[in-house]
Amino acid sequence: MERRVRVRFAPSPTGPLHIGGVRTALYNYLFARKHGGDFILRIEDTDSTRWVAGAEEYIIKSLAWCNIRFDEGVVEGGPHAPYRQSERKNIYFQYARQLVESGHAYYAFDTPEELEALRKDAESKGGAFTYNYQVREQLKTSLNPAFANYEERISRGEKWVIRFKVPANQEIHMFDLIRGEVVVNSSTLDDKVLFKSSDGLPTYHLANVVDDYLMQISHVIRGEEWLPSLPLHVLLYKALGWEEVMPQFAHLPLLLKPDGKGKLSKRDGDRMGFPVFPLHWVDPATGEVSLGYDDYGFLPEAFVNFLALLGWHPGNDQEIFSMEELIETFSIDRISKSGAKFDFEKAKWFNQQYLRQKSNQQLLPIIKPIVEKQGVTVNDDYLLRIIDMVRERLILLTDFWKQAHFFFVDPDTYDADVVKKRWKDNVPQLIQQLKNELSQLEHFKADELKEFLHHFVEKNNANMGAVMNALRLCMVGGSYGPELPLILETLGKETTLRRIENALKKL
RNA sequence: GGUCCGUUCAUCUAAGGGUUAGGAUUCAAGAUUUUCAUUCUUGCCAUAGGGGUUCGAAUCCCCUACGGACUACCA
């Protein structure tokens with residue numbers, strides 16, 4: 001019997017979503033679409049102390065920017081609403097209680113201080129404290145005969161937690177879609193806390209398993225950092241009697257820092273000069289700003305395409321994929337096992353490819369806001385001409401202003417190196433003369449200007465490169481941009497003459 | 001320390017016992033562009049090490065080394 005594919009992305013709203021999270025969401029989305037299944041957004045906010053204002057909205061906005069759509073979730077609603085765990089608060093305790101009653105869990109009354117002391121003690125003896133089958137009957141637990149009155153302690157209002165009672169010395173066989181069979185001996189596990197009375201909320205492990213069960217999740221696709229807790233989750237499914245409908249698991253390889261060591265973290269972006277977040281983020285507590293891929297001038301399609309290929313490969317040489325093509329081609333068995341280092345250069349290359357694919361008309365609404373942000377109003381026809389001239393010089397959207405600012409405003413500075421190289425000796429006189437002759441021209445068309453410039457150089461026995469580059473310096477302020485005659489024509493006679501005059505004055 | 005996962009060019013990766021180990025990014029050189037960029041061509045660069053198994057190993061097995069994740073009343 002084929003089970004309907006239902007997958008979820010289940011982030012914790014503890015801060016902005018970073019690219020590793022976006023990739024996890026993307027793979028889930030592709031998998032769901034590929035199999036005609038459902039994709040669900042569930043917010044795992046069971047840790048009230050780490051909740052960050054705006055984080056949930058940020059996650060939703062970021063995925064929408066990437067064109068990753070949900071079928072059910074906090075925004076869309078759905079048959080399993082609510083999709084925010086804090087709003088599902090009242091459904092978890094009964095399962096924790098069920099586990100206690102069936103002998104798969106127990107109450108524990110150790111205070112945080114006592115646990116800390118146990119850890120310190122073990123550490124001083126060179127080991128690590130593990131809350132497990134060896135100690136649980138000696139500690140303050142309902143399994144300890146000395147605590148037979150535990151119900152009384154509870155009713156007295158004493159703080160407690162429910163811990164999972166991991167069986168001793170059992171081989172746990174698990175199957176991961178990416179890694180194959182994994183076997184762990186249960187004695188190496190610890191009795192994880194499932195539920196805490198301090199806030200009446202479950203921990204991740206319980207909430208996750210219960211919700212995946214209730215929401216009929218068929219496949220859990222998540223980061224590799226969760227692999228070590230898979231044995232616990234498998235044991236939980238069994239203990240709750242849900243083994244038959246346990247989802248299949250796929251643990252994705254981690255996204256690694258570009259310079260080698262460790263998994264990519266939120267701090268790395270600022271450190272290495274590339275964004276780790278999809279969108280602009282302002283930390284509500286500190287006001288600290290983190291730039292996103294949007295700030296850097298990335299097209300969301302390029303960003304998604306790049307991310308898709310970081311840990312997954314189609315099996316052929318195709319690199320450019322639309323979302324539809326990704327959906328069609330995606331499969332879990334082509335996800336690689338090893339972590340992928342993040343390469344910002346390659347990300348930029350993807351953006352360049354996408355920019356090139358777009359028509360001038362498609363580029364117009366994307367580029368217009370960039371120009372307007374500079375305080376310039378332009379008509380579409382003029383902007384279209386500029387786009388056509390500079391489009392192949394763009395890698396990021398932010399390159400547009402760098403490459404085309406002089407089409408909108410006179411240069412206010414002149415590149416010092418270029419001035420040094422191109423503005424010397426007889427150049428000012430030559431340019432002055434050029435200006436005089438230019439002012440006599442009736443037609444200001446690129447072809448004629450080109451011819452005119454050739455004549456000018458010949459007539460004055462001057463050097464072509466010297467004249468062209470000096471004139472370019474006057475027009476642009478540096479040594480870049482499209483063909484000079486084209487620039488002159490676009491700018492028009494009046495502006496051309498004005499800029500020459502400005503340069504003669506300032507240089 | 002313990003448990004688990006991993007290891008092919010600098011980077012992302014292909015090759016699921018038989019290829020001169022392929023592609024892409026970066027980098028370098030050349031051509032084009034009287035600027036800069038683009039574009040084109042070419043080039044450099046890899047199976048972590050050691051043992052097996054096999055006629056034959058990047059591929060299967062073992063060991064070593066290295067890297068990583070996890071080890072909270074966080075997810």
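Reader: How many helices and strands make up the secondary structure of chain A?

Author: Helices (H or I, at least four residues) and strands (E, at least two) are DSSP runs, numbered from the N terminus. In chain A the secondary structure comes to 20 helices and 15 strands. This is a predicted model, in which local features need pLDDT of at least 70 and side-chain atom pairs count only at pLDDT 80 or more, while totals for chains, interfaces and linings use all residues. Residues are numbered from 1 along each chain as its sequence is written, and chains are lettered from A and ligands numbered from 1 in the order in which they are written.

Reader: What pLDDT does chain A average?

Author: pLDDT is the predictor's confidence in each residue, from 0 to 100. Chain A averages 94, and 100% of its residues score at least 70. For the complex, the predictor gives an ipTM of 0.95 and a pTM of 0.95.

Reader: How do I read a sheet?

Author: Strands of a sheet pair through backbone hydrogen bonds, either parallel or antiparallel. Here two strands pair if DSSP finds at least two bridges between them. One open sheet has 3 strands in the order β1-β2-β3, with parallel pairing. Its edge strands, β1 (6-9) and β3 (72-73), each pair on one side only. β1 pairs with β2 (residues 38-41) over 4 bridges, and Val-7 stands opposite Phe-39 in β2.

Reader: Which strands does helix α1 touch?

Author: Contact between two residues means that their C-beta atoms, placed from the backbone, lie within 7 Å. Axes are lines fitted to C-alpha atoms, for helices over the stretch in contact, and angles run from 0 to 180 degrees between N-to-C directions. Helix α1 (residues 19-34) touches β1 and β2 as it packs on the sheet, and its direction makes about 165° with that of β1.

Reader: What is the order of the open sheet of 4 strands?

Author: The order is β4-β5-β8-β9, and the pairing is antiparallel. β4 (105-108) and β9 (201-202) stand at the edges with a single partner strand each, so one side of each has no neighbour in the sheet. Strand β5 (residues 161-164) pairs with β8 over 3 bridges, and Arg-163 stands opposite Val-193 in β8.

Reader: Where is the cis peptide bond?

Author: The bond from Ala-81 to Pro-82 is cis, with omega near -5°. Pro-82 is in the loop between β3 and α3 (93-101).

Reader: Which residues come nearest to RNA strand B?

Author: A residue is near a molecule or strand if its C-beta atom, placed from the backbone, lies within 6 Å of it. Of the 60 residues around RNA strand B, the nearest are Ser-12, Tyr-204, Ser-338, Met-464 and Ser-479. Among the elements that give two or more residues to this surface are α4 (112-124) and α18 (464-476). α18 gives the most, with 5 residues.
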